[in-house]
Amino acid sequence: MTWDMALVLGFGLLIGSFVNVLIHRLPRMVMAELEPEAGNAPRYNLNWPASHCPHCHTPLKLWHNIPLVSYLWLKGRCGFCKQAISARYPIVELATALIWVLCTWHWGCNAAGFCWAIFTTILLALSVIDWQTTLLPDDLTQTLVWGGLIASSMDWVVLPLHQSVWGAVIGYTSLWLIATTFERVTGKQGMGAGDFKFLAGLGAWLGPLGLLPVVMLASFAGAMVGLALKFTHRLGEDGYVPFGPFLALAGAIVAVTGNDVIALWMGWSFFA
């Protein structure tokens, strides 16, 4: 591994530690806003309280916060109460580091590579949050939208600004129309507004041309996982499977594949 990739790996681990903060705290911040009457509930932001053990709530020392290394050194347990710490923390840190390495390897160690690394990191955070809580926080979906528009306007990614704008518009309105129609026909809510904003964010990065394969891939993957959960009796009573993780996976695949391959695939699909 070259020195620049080693630096990217280390930086990705640090970003992964912050992603764990987002995954843990953003849903609590959202719920605090939705339920202000819960006055006794602890108030969270990204700075307070200081990092602490989720079991004994003891503030962590500096050496307890070294990404991945601290978890291995402490053998997956709190340094104070010795309770087991979820493996999600090192997994997210390692996944984020790999995302940064792969994005800079694929797009280059430049503005484009860093932009796509940020894009994919946000997808990871949204996927875990949605899977665990069925929430897609505006702090992340709106960052995805505005980040795509800014990256396009600054020519950091190869997508004209007008395509980025229309990708965001079509991404939001298409899911909104589908969900509204479904709700009026069945009387049930099929998906939340967070999914609309999420697809708008993907459209801002991938453009209108990338939206169709994203929705098709996400729908297929979601259906397969939903059926697997049903047959293994692990599907919830409401039968709901969060759509965000599948949008994220499809968005990452389309981002790596590129619009040229998408256009070729769509042309083959329609004219074969």
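What span should the 24 residues of α8 have at 1.5 Å a residue, and how far apart are its end C-alpha atoms? The 24 residues of α8 should span 34 Å, and the end C-alpha atoms are 36 Å apart, which agrees. The expected span of a helix is 1.5 Å times one less than its number of residues.

## Basis of the model

This is a predicted model, in which local features need pLDDT of at least 70 and side-chain atom pairs count only at pLDDT 80 or more, while totals for chains, interfaces and linings use all residues. Residues are numbered from 1 along each chain as its sequence is written, and side-chain values use heavy atoms, with hydrogens and water left out.

## Overall fold

The protein chain has ten helices and zero strands. Its pattern along the sequence is α-α-α-α-α-α-α-α-α-α. Helices (H or I, at least four residues) and strands (E, at least two) are DSSP runs, numbered from the N terminus.

Of the 272 residues in the protein chain, 41% are buried. Buried means under 20% relative accessible area, exposed means over 50%, and partly exposed lies in between (1.4 Å probe, protein chains only). Take the contacts between residues at least 6 apart in sequence: 66% of them join residues at least 24 apart. Contact means heavy atoms within 4.5 Å.

## The nonpolar cores

The largest nonpolar core holds 53 residues, and Leu-144, Phe-198, Leu-202 and Trp-205 touch the most other members. Eight helices each supply at least two residues of this core: α1 (3–34), α3 (88–107), α4 (111–133), α5 (138–153), α6 (161–186), α7 (193–206), α8 (208–231) and α9 (244–257). The most comes from α4, with eleven residues. A nonpolar core is a set of buried Ala, Val, Leu, Ile, Met, Phe, Trp, Tyr and Cys residues joined through side-chain atoms within 4.5 Å.

Look at Leu-144. Setting aside neighbours within four places in sequence, Leu-144 is in contact with Phe-119, Ile-122, Leu-123, Leu-126, Phe-198, Gly-201, Leu-202 and Trp-205. A second, separate core has five residues, including Val-145, Ala-168, Ala-200 and Ala-204.

## Ala-200

Ala-200 sits in helix α7. Ala-200 counts as buried because its relative accessibility is 6%. Beyond its neighbours within four places in sequence, Ala-200 is in contact with Val-145, Gly-167, Ala-168, Gly-171 and Tyr-172. Leu-175 is 25 residues away along the chain, yet the C-alpha atoms of Ala-200 and Leu-175 are separated by 9.1 Å.

Helix α3 has 20 residues and reaches 28 Å from its first C-alpha to its last, close to the 28 Å expected. Its buried residues are Arg-88, Pro-90, Val-92, Glu-93, Thr-96, Ala-97, Ile-99, Trp-100, Val-101, Cys-103 and Thr-104. Their cover includes α1, α2 and α4. Gly-108 follows α3, with a positive phi near 105°.

In α8, the buried residues include Gly-210, Leu-211, Pro-213 and Val-214. Just after α8, His-233 takes a positive phi of about 60°. Helix α9 has 14 residues and reaches 20 Å, close to the 20 Å expected. Among its buried residues are Phe-246, Leu-247 and Val-254. Gly-258 follows α9, and its phi is positive, near 90°.

## Two loop residues with positive phi

Most residues other than glycine have a negative phi. Leu-68 is not a glycine, but its phi is positive, about 65°. Leu-68 lies in the loop between α1 and α2. At 21% relative accessibility, Leu-68 counts as partly exposed.

Lys-82 also has a positive phi, near 70°, in a residue other than glycine. Its place is the loop between α2 and α3. At 51% relative accessibility, Lys-82 counts as exposed.

## The largest pocket

The largest pocket contains about 580 Å³ of space. Of its 27 lining residues, the closest to its centre are His-52, Leu-60, His-64, Asn-65 and Tyr-89. The elements that give two or more residues to the lining are α1, α2 (69–73) and α3. The largest share, five residues, comes from α1. The lining divides into 14 nonpolar, ten polar and three charged residues. Here Ala, Val, Leu, Ile, Met, Phe, Trp, Tyr, Cys and Pro count as nonpolar, Asp, Glu, Lys and Arg as charged, and the others, Gly among them, as polar.

On a 1 Å grid over the protein atoms alone, a pocket is an open set of points where a 1.4 Å probe fits, with protein on both sides within 12 Å along at least five of seven lines; lining residues have an atom within 4 Å of a point. Grid points are joined across faces, edges and corners, and a volume is the space filled by probe spheres set on the points.
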